[in-house]
There are 4 protein chains.
Amino acid sequence: MINVGIIGIGRIGRVHGESITKFVKNAKIKAVADPYLNDDGKKWAASLGIENAYTDYKKILEDKDISAVLICSSTDTHSSISMEAIKAGKNVFCEKPIDHDVKKIKEVLDVVEKSGLKYQVGFNRRFDHNFKAIKDAVQAGKIGKQQIIKITSRDPEAPPIEYVKVSGGIFLDMTIHDFDMVRYLSDSEVEEVYAVGSVTVDPEIGKAGDIDTAVITMKLANGATAVIDNCRKAVYGYDQRAEVFGSKGSIAIGNDSDSLAVLSNENGVTGEKPMYFFLQRYMMAYAAEIDSFVEAIVNDTATIVNANDGLQPVLIGLAAKKSVAKNRPVTIAEIKKDAGL
Amino acid sequence: MINVGIIGIGRIGRVHGESITKFVKNAKIKAVADPYLNDDGKKWAASLGIENAYTDYKKILEDKDISAVLICSSTDTHSSISMEAIKAGKNVFCEKPIDHDVKKIKEVLDVVEKSGLKYQVGFNRRFDHNFKAIKDAVQAGKIGKQQIIKITSRDPEAPPIEYVKVSGGIFLDMTIHDFDMVRYLSDSEVEEVYAVGSVTVDPEIGKAGDIDTAVITMKLANGATAVIDNCRKAVYGYDQRAEVFGSKGSIAIGNDSDSLAVLSNENGVTGEKPMYFFLQRYMMAYAAEIDSFVEAIVNDTATIVNANDGLQPVLIGLAAKKSVAKNRPVTIAEIKKDAGL
Amino acid sequence: MINVGIIGIGRIGRVHGESITKFVKNAKIKAVADPYLNDDGKKWAASLGIENAYTDYKKILEDKDISAVLICSSTDTHSSISMEAIKAGKNVFCEKPIDHDVKKIKEVLDVVEKSGLKYQVGFNRRFDHNFKAIKDAVQAGKIGKQQIIKITSRDPEAPPIEYVKVSGGIFLDMTIHDFDMVRYLSDSEVEEVYAVGSVTVDPEIGKAGDIDTAVITMKLANGATAVIDNCRKAVYGYDQRAEVFGSKGSIAIGNDSDSLAVLSNENGVTGEKPMYFFLQRYMMAYAAEIDSFVEAIVNDTATIVNANDGLQPVLIGLAAKKSVAKNRPVTIAEIKKDAGL
Amino acid sequence: MINVGIIGIGRIGRVHGESITKFVKNAKIKAVADPYLNDDGKKWAASLGIENAYTDYKKILEDKDISAVLICSSTDTHSSISMEAIKAGKNVFCEKPIDHDVKKIKEVLDVVEKSGLKYQVGFNRRFDHNFKAIKDAVQAGKIGKQQIIKITSRDPEAPPIEYVKVSGGIFLDMTIHDFDMVRYLSDSEVEEVYAVGSVTVDPEIGKAGDIDTAVITMKLANGATAVIDNCRKAVYGYDQRAEVFGSKGSIAIGNDSDSLAVLSNENGVTGEKPMYFFLQRYMMAYAAEIDSFVEAIVNDTATIVNANDGLQPVLIGLAAKKSVAKNRPVTIAEIKKDAGL
């Protein structure tokens, strides 16, 4: 059993707080911190039996009884708090992305490596039952040598335009999960990226300098080709599918829905829409990722998602961004060079 | 290659005529006969290249070049024309049922047996790709020892009330196909029947002395239990499903539809309704049953559906009818005794 | 927030203990009791932060701070502890069945009615997402007037023969859930029952005087016909399906599986088996049923499953048992008369 | 009713011959021609009641009673015979591709336009029930404004290496159908193509200068992005799926299989593989395309697939080929310029 602290109790911080309380056996939340801590936040913390609620996260870093922190603060603080936390000797779970700046991620990565501490990035989908089932089949050799990997990832609705402006762009904000999934399922690195981006959902997104629809093709080191299609809005809900095709067959997943009920009537044979969005679809995955992080600490094993797993998708995302801008394929090597890595 | 004659060119006679022309390699239709033959019928026959169109079916029976006849006339003539045709040395394909009167069926059966001619009854579903796939799996031992057989059979709309009145009742008209399917899939005989009948579709059907909804449970000689559910009207179309459950697993079929297209939108995830009715769903099965009949003649092998297969479902249907009337299980032995068999 | 006590901490008692801790907001387990309480039981209780673990359940009944008890003890004690608990002023959640003796159930029912306390029976499937989706569709009028209700319920493996001997027979032990589901989905009462029972799984079950396979047909007060098929063993796992067919369409559910992964290879297109058994399939339903019970107490509303809902399925089960014994349909009225109700 | 002649009675010529005989109402095959005509070919023609079988196709062109020809000869003869046939006043159905040389296709196109005759190219998939269902939904506005189009097209086995060498490459041989489908479903033109090609099936294909696996991304004039994934070998059979995603929803199709039978056992829940290959999957589409061609002649309406529909996919294929060679996106305008169009 370890004590953990949560830094940032916005939406995702609370998701983790609640799932730790319910589902994570070997962790107890000793403290939370949020610069905007108010009565509602205090009440929420108390309802989970959390002893301490601070405005200053440094109090958590100073607490010797806390061995791990969850960084759920705003993205622009992820890398600096990560650095501080590691220096304070804490194991760190950090929400994605570590940073939009590759150099800062690299610094975190270097510090983590020297520290011997655990560092996990919040790529929750790796812990989803469906994606895990594909991964297991691939690892068990059921599809043979990989040839084509396909991921569909569409949101039920576009984020507010104010969010879009600070999101780092669709590739670093939304597709980053899919880039991680390509690496996870393939167990290989992306070498080159070609992306087509378009604005088909909301012209305001285009005015904000972003795109809302994308198809990204990737050449992988293992010889397979991966393709992701994204859209910020699918009227039927959160569409999260994947397929790995190889020499011995294909393994694919569809969407979870709230029930399997199927209505047959004059209009056809109708099943339920996919679960609405990530909080519905991945609720158990959020619990499982923290449980896995805690077990890695308790048993001193590697985390399923490490600091390098936080770096690579950002490189791929930057390559995709550049590919759209230049309308040509872009290698990861080029992006690394751009970044001075 | 053999010459065949079709007796009765109403709806089902024409279905056979057209499918023989298109799909049955070793048969040529030399003549058709229908007491109500008119210009339309003559034109139809000519369009298929059929040489002769008679009003009197006896002309077909007298034609030495015709080795097989299809009896597609009204039900009340099936057994007598069967008898005549066999005596004239013709192989016979007879639409179901052979007769509503068990004794008359038995007479046909006896005459057939002595004749050495082929006799096939029109249980077309045995030749449907889906039902055949179940049968194949069962025969291949894939489900092990049979335990439960389930058949769902619902029509898209009730027949006209005038038809209901002369249909012989739901069990001899509609369920008779399902009784045949129970025997076919199980390769066993029904020993006892319990049926619940109700009028839930149209009160007029009740007034006509029939029911429109039924659940029939059967004890089989092989130890399995079979259950059929029927309804004269399902708003979503022709519902034709089956399942055989056994010690090694279960094999089941769903409904064919016009396409596999699935629309995902705000209302859900919607596939097409089942194909509308038997002419759509079983078109290829009609061709296959005649092809199989012709091959049995050409190769002198047993027909897939023989005269006894025409008798047994009628016995089961009469047992179901009596079960509803008496509200108790009824054995086939009792029905045979009733019929003096 | 209310305090609850759990009487009996065998398998199902622990399921409830754990799900209350994780998922039930307004309840705290103050005490557990079990006549066979040992170190393991004490340790389990401590791990959930439960203060008191007794051998004598009367200590729970005497505790004024406890307003509700969960009766998870052996079936033969359900009715007597129910009576005591109600007399002690406790709201009661009682595992099914209340008793095998209809008169004792009736006594509990009468005492509950006078008490004004909440009484809920453990028909957990009513709280399953899939069954609830059917119920919601039926209640919303989506299938129109009910005509046929079908339930398939097959276990992945037969219980130990020693359990079979004291189970009260398949109808009171296993089918009882399905009888409840017929009543729940139809919102109607069963009037007459015809059951076919057979021994197709294990001859030892037959020697123990029970059956392991059954098909049960029921006439309902609302004019619909219901049919249940049961088997104690399906090699592919826990098969829990249902369908309600009516004048406007049909609503049906299939089986939950651990993931939606589908493997396409030389052997076909293969999805996962259904979840193994009730603990997997209904884990969230167990949490939801207690949450619903607690909310009924807190808000003083009716429980979703009341004492009469505990009585009716036992009557139906006894009718099914008698139907197999007598090989004839049996009315619920006859069973009531038999029982002196 | 029109008379047709078939030029070339190899595999596809015979497919058309048989399906015309069975399914095409308004056409009669008056003659076939094949330079390699042998006894087997003559026998085949006779079995379908075809009067004339020539070695020289010019005899068909000279026959005044023949108003349409099907060009099913080797690809290198398609454009020249097309030219001759049009000049002879015949309506032409030509198997794909018209030519690998864009200029020759353009010549055919120009001649067709002046002639006023019907010209149809053999893009049979447009006539498949599943693809047609998508098209119908798109045209009916069910998915709103198109955003992403996805096509999966994988063969069950690679062609012989000798065939690969003369095939024109995967894009002109295999993907050409998918390029046509993108145009058909989108009702829009492709403007730019980026393709990733790899050799993952058979190194011999690579040695022959071709690829066997590809992912092709296309920017369409209507603002949508299309992506095709191809592989020459899928062990589970012919994989032919498509999806059109738009502002109002998504419409998708899966694979037809020989039956809908699903086996549930200890290994999972297994359905059948997709139908083996194009002859199985598209048999009815071959009939429907000729029927449609004949109806266009009889009713003097436009063919569903015209000469320009034969040209455009070749341009797209050449763009894809160049994209792989140059590893950059290639516009159709560039290809036209390359070809001097």
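This briefing describes the annotated domains, helix packing, salt bridges, chain interfaces and backbone features of the structure above. The structure is a predicted model. Over all chains, it holds 116 salt bridges. Two interfaces are described below: the area buried between chain D and chain A is about 2,800 Å², and that between chain C and chain D is about 990 Å².

**Annotated domains of chain A**

- The UniProt record, an unreviewed entry, places the feature "domain: Gfo/Idh/MocA-like oxidoreductase N-terminal" at residues 2–123 of chain A.
- Over residues 131–251 of chain A, the chain is 30% helix and 36% strand. Here the end C-alpha atoms lie 10 Å apart.

**Helix packing in chain A**

- Two packed helices are described by the angle between their axes and by the distance between those axes.
- In chain A, helix α6 (residues 129–139) and helix α9 (residues 175–186) have axes that come within 9 Å and cross at roughly 35°.
- Helix α6(A) contributes A:F131, A:K132, A:I134, A:K135 and A:V138 to this contact, while α9(A) contributes A:M181, A:Y184 and A:L185.
- Sorted by class, the contact of α6(A) with α9(A) comprises 6 nonpolar residues, no polar residues and 2 charged residues.
- Helix α13 (residues 307–326) of chain A packs against helix α14 (residues 332–339) of chain A at an angle of about 100°, and their axes are 9 Å apart. The helices α13(A) and α14(A) are therefore roughly perpendicular to each other.
- On the α13(A) side, the contact is made by A:L315, A:I316, A:L318, A:A319 and A:K322; on the α14(A) side, by A:I332, A:E334, A:I335, A:K336 and A:D338.
- The contact of α13(A) with α14(A) has 6 nonpolar, no polar and 4 charged residues.

**Helix packing in chain C**

- Helix α13 (residues 307–326) and helix α14 (residues 332–339) of chain C pack with their axes 9 Å apart, at an angle of about 100°. This angle makes α13(C) roughly perpendicular to α14(C).
- The residues of α13(C) in this contact are C:L315, C:I316, C:L318, C:A319 and C:K322, and those of α14(C) are C:I332, C:E334, C:I335, C:K336 and C:D338.
- By class, the contact of α13(C) with α14(C) holds 6 nonpolar residues, no polar residues and 4 charged residues.

**Salt bridges of A:R154**

- Side chains of opposite charge can pair when their charged atoms come close.
- A:R154 forms a salt bridge with A:D229, with an N to O distance of 2.8 Å.
- A:D229 belongs to strand β10 (residues 225–231) of chain A and A:R154 to strand β7 (residues 146–154) of chain A, so the pair ties together parts that are 75 residues apart in sequence.
- A:R154 also forms a salt bridge with D:E243, in which the closest N and O atoms are 2.7 Å apart.

**Interface of chain D and chain A**

- In this interface, 36 residues of chain D are in contact with 36 residues of chain A.
- Carbon and sulfur atoms give 60% of the area buried between chain D and chain A.
- The interface of chain D and chain A has 6 salt bridges.

**Interface of chain C and chain D**

- Chain C and chain D each supply 13 residues to their contact.
- Of the area buried between chain C and chain D, 61% comes from carbon and sulfur atoms.
- Within chain C, the residues that lose the most area to chain D are C:E266, C:V269 and C:K273, which together make up 38% of what that side buries.
- Between chain C and chain D there are 0 salt bridges.

**Backbone features**

- The peptide bond from B:K96 to B:P97 is cis, with omega near -10°. B:P97 sits in the loop between β5 (91–94) and α5 (102–115) of chain B.
- D:K96 and D:P97 are joined by a cis peptide bond with omega of about -10°. The position of D:P97 is in the loop between β5 (91–94) and α5 (102–115) of chain D.
- B:D187 is not a glycine, yet its phi is positive, at about 55°. This residue, B:D187, lies in the loop between α9 (175–186) and β8 (190–198) of chain B.

Key
Residues numbered from 1 in each chain as written. Chains lettered and ligands numbered in written order. Predicted model: local features only at pLDDT ≥ 70, side-chain atom pairs only at ≥ 80, totals over all residues. Heavy atoms only, no water. Helix = DSSP H or I, 4+ residues; strand = E, 2+ residues; numbered from the N terminus. Axes fitted to C-alpha atoms, helices over the stretch in contact; angles between N-to-C directions. Parallel < 35°, antiparallel > 145°, perpendicular 65-115°, else oblique. Contact = heavy atoms within 4.5 Å. Nonpolar A, V, L, I, M, F, W, Y, C, P; charged D, E, K, R; others polar. Buried area = accessible area lost by both parts, 1.4 Å probe. Salt bridge = Lys/Arg side-chain N within 4 Å of Asp/Glu carboxyl O. UniProt positions renumbered as here; feature names shortened; annotations may be inferred.
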